[in-house]
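Thanks for asking me to look through this one with you.

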Amino acid sequence: MIKLKGIAAASGISIGLAFKLGKEEFVIPKDAINKDDIAVQIQLFEEALIKTRREIIELQKRISTEMGQEEAQIFDAHLLVLEDRMLIEEVISRLKREHLNVAYIFSEVLKKYISVFSKIEDEYLKERIADINDVGKRILRHLLGKERRAISASGEKMIIVAHDLSPSDTAAMHKQNVAAFVTDVGGKTSHTAIMAKALEIPAVVGVEGVTAKVNPNDTLIVDGSSGIVIINPDKDTLRAYGKEKEKLRGVTEGFYSAKDLPAVTTDGKTVEINGNIEFPEEVPSVKLHGGHGIGLYRTEFFYMNRKDLPTEEEHYQAYKYVAEEMKPHPVIIRTLDLGGDKFLSQFNIPREMQPFLGWRAIRFCLARPDIFKLQLRAILRASVHGDLKLMYPMISGLEELRQANKILEEAKDELKKKKVPFNNDIQVGTMIEVPSAAMTADILAKETDFFSIGTNDLIQYSLAVDRANEKVAYLYDPAHPAVLRLIKNIIEAAHSNNIRVGMCGEMAGEPHLALVLLGLGLDEFSMPAQVIPELKYIIRALSFKQAKEISDGALRLSTGKEVESFTKAKLKEILK
Ligand code: PEP
Ligand code: MG
């Protein structure tokens, strides 16, 4: 039994078998063969091609029913690689000439292809490298007799153990049988962790060296609430965690009792508790957990795991669906926020030294008004179907807000000219997630309809801590006095200018800190759906007066640790 500690990223306990998701590398033997064996080797190669073809068609069928035809089309390019005459003939002629095993020859031909394609200055051909690589590995696996084990093939939920998972890897697992995630790297508010929460899958990230310590099919316990991962637990530990899991279920059920009641304090102050979503498919979960509306719809996930760009019609249909489903409650659509840890294959974004400080979010959109305006038009068109609002990510100052609004006006004019209906008074908000925006919130408040505080970024920028880096995760502290002061400043600036202020960063769903946010006067809290019942339960358990005392007390403290223990103690008293 080995016990490891990482960063608790998505709560819940899972017990199951490990599935290692690696950068599959093969050791390919180089064996001489007899002249007589050439025919056998050719037959092996043909069989591997047939098996691979079958495998891809199966995969394509599954993706088509689970995710849609367009996603399935990605595999057309893979099938074309299998039919490449030049590649096949080169393997066969080298086999006849060199008398070496087919797996070795095929891997050599594959390497040559990849190296030739890499040198060609053609983006389309460059992209094909990934397809060739993927198909090549499948063929090799068959040649070497290794069957690919699909995550869900065993029918049992598996625990994914990987060095790292990109947000798009995580999003792609959406429908698969995953019981938990464990990664070597990553931070609490990395988008991989956020996706795990959205999928309600327990996750522990930043567990140094976990991939080296876990073997396939090891039994694992993943405690996403405390950040503990146990490899091959003994019987007593298994029993203890089984009990803990049951207890957790009991506590959760307690919180659920209040989920459909309004989020109102004992002295009558009402706040809005909303859900964060990445996909329209998450809307039912927000409703099920008692969310009032959607406080953050991260639209960039719409661009992931596909090779083309979504059309205006596709954007429109998705937003219309969410607006209608949530009607009459509000839905805040956040415009495209790519970059940072969210890379999209469709855009040729050069690798940057500091992607979180680089060409991301609104900066990208202002540089690519074609892409931005297409999305804005779709949001405007969908605005007639419910209470849609929009907001811009990563605004760092007034000029950016004005530039974004100018493009919005152009989008409105285009629709007016075509007599397409939209809500001309759609509310336009600003995310406050850059310290410069937090410090000039009084200026921004005069030209925006509402604020939404993005603490995931605000914390990383104000404390200079990469949100996705486990090495500095100990410094990533929402309770830091600097963060609390910035939030106080933002809320006061909003209220002095008569606009509402919400928070859609993960901090809004941290129960002990929510007490402080409530006391500071936050109007709206938006969080992953699964946290909503607990937050509602807490808000209904205290008075606004009490919350104000807690926030006053917290703001007098000098360190994040002090704030954390003070607020946790207060929460315990309230829940008693
Ligand atoms: C944030 O930064 O707090 C936020 C909500 O946006 P994201 O996590 O998508 O960067
Ligand atoms: Mg952000």
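This is a predicted model: local features need pLDDT of at least 70, side-chain atom pairs count only at pLDDT 80 or more; totals for chains, interfaces and linings use all residues.

1. The bridge belongs to the pairing of β5 (residues 178-183) with β6 (residues 203-205), which is parallel and rests on two bridges.

2. Now zoom out to the sheet that holds these strands. It is open, has eight strands, and reads β1-β8-β7-β3-β4-β5-β6-β2, with mixed pairing. At the edges you will find β1 (2-5) and β2 (7-10), each with pairing on one side only. On average, neighbouring strands of this sheet are turned by 30° against each other, direction ignored.

3. Helix α7 (residues 191-198) lies across β2, β5 and β6, and runs at about 50° to β2. Helix α9 (residues 235-256) also packs on the sheet, where it touches β3 (13-21), β7 (219-223) and β8 (228-231). The direction of α9 makes about 115° with that of β3.

4. There is a barrel to look at as well. Eight strands close it in the order β9-β10-β11-β12-β13-β14-β15-β16, with parallel pairing. From one strand to the next, the twist averages 25°. Taking one pair as an example, β9 (residues 272-277) and β10 run parallel and are joined by three bridges. Within that pair, N276 has L296 of β10 as its bridge partner.

5. Helix α14 (residues 398-417) lies across β12 (387-392) and β13 (427-432), and its direction is at about 135° to β12.

6. Next, the ligand. How many residues surround ligand 1? There are 17, and the closest are H191, R298, R334, N456 and R467. By class, this shell is made up of eight charged, five polar and four nonpolar residues.

7. Several side chains place polar atoms by oxygen atoms of ligand 1. For R298, the distance from a polar side-chain atom to a ligand oxygen is 2.7 Å. R467 has a side-chain N or O atom 2.8 Å from an oxygen of the ligand, and for E433 the corresponding distance from a polar side-chain atom is 2.9 Å. On its own, ligand 1 has 290 Å² of accessible area, and the protein covers 100% of it.

8. Which elements give two or more residues to the shell around ligand 1? They are α7, β10 (294-298) and α17 (455-463). Of the elements, α17 gives the most, with three residues. Here α7, the helix that lies across β2, β5 and β6, comes back into the picture as one of the contributors.

9. Finally, two backbone details to check in your viewer. Most residues other than glycine have a negative phi, and most peptide bonds are trans. N217 has a positive phi of about 70° although it is not a glycine, and this residue sits in the loop between α8 (210-213) and β7. The peptide bond joining K327 and P328 is cis, with omega at about 5°. You will find P328 in the loop that links α11 (312-326) and β11 (330-334).

Technical notes:
Residues are numbered from 1 along each chain as its sequence is written. Chains are lettered from A and ligands numbered from 1 in the order in which they are written. Side-chain values use heavy atoms; hydrogens and water are left out. Two strands pair if DSSP finds at least two bridges between them. Helices (H or I, at least four residues) and strands (E, at least two) are DSSP runs, numbered from the N terminus. Axes are lines fitted to C-alpha atoms, for helices over the stretch in contact, and angles run from 0 to 180 degrees between N-to-C directions. Contact means heavy atoms within 4.5 Å. A residue is near a molecule or strand if one of its heavy atoms lies within 4 Å of it. A polar contact is a pair of N or O atoms within 3.5 Å; within protein, one must be able to donate a hydrogen and the other to accept it, and residues adjacent in sequence count only if both atoms are side-chain atoms. Accessible areas come from the Shrake-Rupley method with a 1.4 Å probe; for residues, only the protein chains shown count as cover. Ala, Val, Leu, Ile, Met, Phe, Trp, Tyr, Cys and Pro count as nonpolar, Asp, Glu, Lys and Arg as charged, and the others, Gly among them, as polar.
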